[in-house]
Amino acid sequence: MNIAEKLAAPSWVVLQLLEQCNLRCAICYEWGSGGAYHAKHHLAMLDVDVALRTVEECLPTKPVFEFFGGEPLLYPGIWDIVRAIRKGGCDVSFSTNGTLLEENADRLIDSAPTQIWVSLDGPSAINDAQRGSGVFQRATDGIKVVANTRRAMHQRFPKLGINYVVTAASSPHIEEFFRESIDLSLIDSVSIELQRYATADQVRAFAQELEVEFATHTNAYAQGYVRDPSEFLNMDFDWIERQIAAIRTMCAAKEIAFYGQPQDLSAGNIRNFFTANWHAMTGRRSRCGVPWLYAEISARGDVTTCHTFYDLSIGNIYEQSLLEIWRGARLKRVQTFLRGGLFSICTACCRYYAASGTV
Ligand SMILES: C[S@@+](CC[C@H](N)C(=O)[O-])C[C@H]1O[C@@H](n2cnc3c(N)ncnc32)[C@H](O)[C@@H]1O
Ligand code: SF4
Ligand code: SF4
């Protein structure tokens, strides 16, 4: 496939299946304290036929798919969509809070998404203080059942990953969690990422960019990221570095894939991140190539080029097909803006820290 053909369709497609979630994790930009979703008057869910039509439309160019939520395992049509994607020869992964894994184990093995990521933020007491009482037990029981069912049925998929977010509360417990709280023999991948947030000033500047450049008068999704960096003042960055380095080494010894975000998880870089000193971070960017490759569809059908920032929509799949939107003027406008620099909010975006984020 030449470059023009490659850019004629997104090669990475994320479907936010629904907004609803059964948890209220403290750090979450959707449903946590200050999260953007509390203000919604009704909670949207993608129409399954429209989602399937969109998947079918994309399959010929073989993109990678991801699901997002809310909690994806609450979405009734999820298995039909996984099957359509896998039958079409593509990968699909999603993150889950793990509370519904056990009851869905058979369906997971049968439909075989490529990878699921279970979100856990520490040993039982720490995790549950952030994510809710009893969540640790349900998630770890679910991991066991899925891993054992997969083994018993001689299946390769879904691969199982742990997604650990480093927060003020979880940061002292990283090593303890991976050494003592979780059975790593059941796990294929580990991801450790820093809690993303934005300052109020960044969101104000982003709101201005939306207004002036895109005539967009809402910034509600971005607002969900606002945190005061003073929340992170007491974190011990040297210790965080040592713990993550130990886990990285342990994963290598056990042949578990390890992903860190940002890639440089040295004490200095972590300090710069949590003190809002982003311009001093290694690997900082002046450009982002993701919006040339990436389409994310919100549960309301809005299409955006940027993960979770649904304020900046380039079209809606209830009105046009995804590929029509992808070839439209609004995407070109976003790309033109990004040729000149980044959005003010980009340091709160996980794609900013992903290795493939620049062109
Ligand atoms: C928003 S959740 C949606 C999927 C599912 N409900 C779950 O918890 O895995 C996706 C991922 O974002 C993580 N997350 C939530 N708030 C975050 C933040 N402020 N910074 C980094 N990751 C965050 C969650 O821990 C989870 O791993
Ligand atoms: S389970 Fe996921 S979407 Fe729900 S509140 Fe927690 S992090 Fe947010
Ligand atoms: S880093 Fe910025 S431009 Fe790139 S995907 Fe994220 S929000 Fe969009």
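Ala, Val, Leu, Ile, Met, Phe, Trp, Tyr, Cys and Pro count here as nonpolar, Asp, Glu, Lys and Arg as charged, and the others, Gly among them, as polar. By that scheme the shell around ligand 1 has 7 nonpolar, 7 polar and 4 charged residues.

The model is predicted: local features need pLDDT of at least 70 and side-chain atom pairs count only at pLDDT 80 or more, while totals for chains, interfaces and linings use all residues. Residues are numbered from 1 along each chain as its sequence is written, and chains are lettered from A and ligands numbered from 1 in the order in which they are written.

**Ligand shells**

A residue is near a molecule if its C-beta atom, placed from the backbone, lies within 6 Å of it. Ligand 1 is surrounded by 18 residues, the closest being Cys-28, Ser-95, Asn-97, Ser-119 and Arg-196. At least two residues of this shell come from each of β3 (92–96) and β5 (159–166); helices (H or I, at least four residues) and strands (E, at least two) are DSSP runs, numbered from the N terminus.

Around ligand 2 lie residues including Cys-21, Cys-25, Cys-28, Gly-69, Gly-70, Asn-97 and Ser-119. The shell of ligand 2 has 5 nonpolar, 4 polar and 3 charged residues.

**Strands and helices**

Strands β3 and β4 run parallel and are joined by 4 bridges; two strands pair if DSSP finds at least two bridges between them. Ser-93 has Gln-115 of β4 as its bridge partner. In β4 (residues 115–119), 4 of 5 residues are buried (20 or more other C-beta atoms within 10 Å of their own; 12 or fewer is exposed, in between partly exposed; C-beta atoms are placed from the backbone).

Helices α7 (residues 174–181) and α10 (residues 237–253) pack at about 30°, with axes 8 Å apart. Axes are lines fitted to C-alpha atoms, for helices over the stretch in contact, and angles run from 0 to 180 degrees between N-to-C directions. The two helices are therefore roughly parallel (angles under 35 degrees).

**Backbone geometry**

Two cis peptide bonds and two positive phi values are tabulated below.

| Residue(s) | Value |
|---|---|
| Gly-69 and Gly-70, cis | omega about 5° |
| Gln-261 and Pro-262, cis | omega about 0° |
| Lys-62 | phi near 50° |
| Ala-112 | phi about 60° |

Gly-70 is in the loop between β2 (64–68) and α3 (78–87), and Pro-262 in the loop between β7 (257–261) and α11 (267–274). Lys-62 is partly exposed, with 13 other C-beta atoms within 10 Å. Ala-112 lies between α4 (105–111) and β4, in a loop.

Terms used. Parallel < 35°, antiparallel > 145°, perpendicular 65-115°, else oblique.
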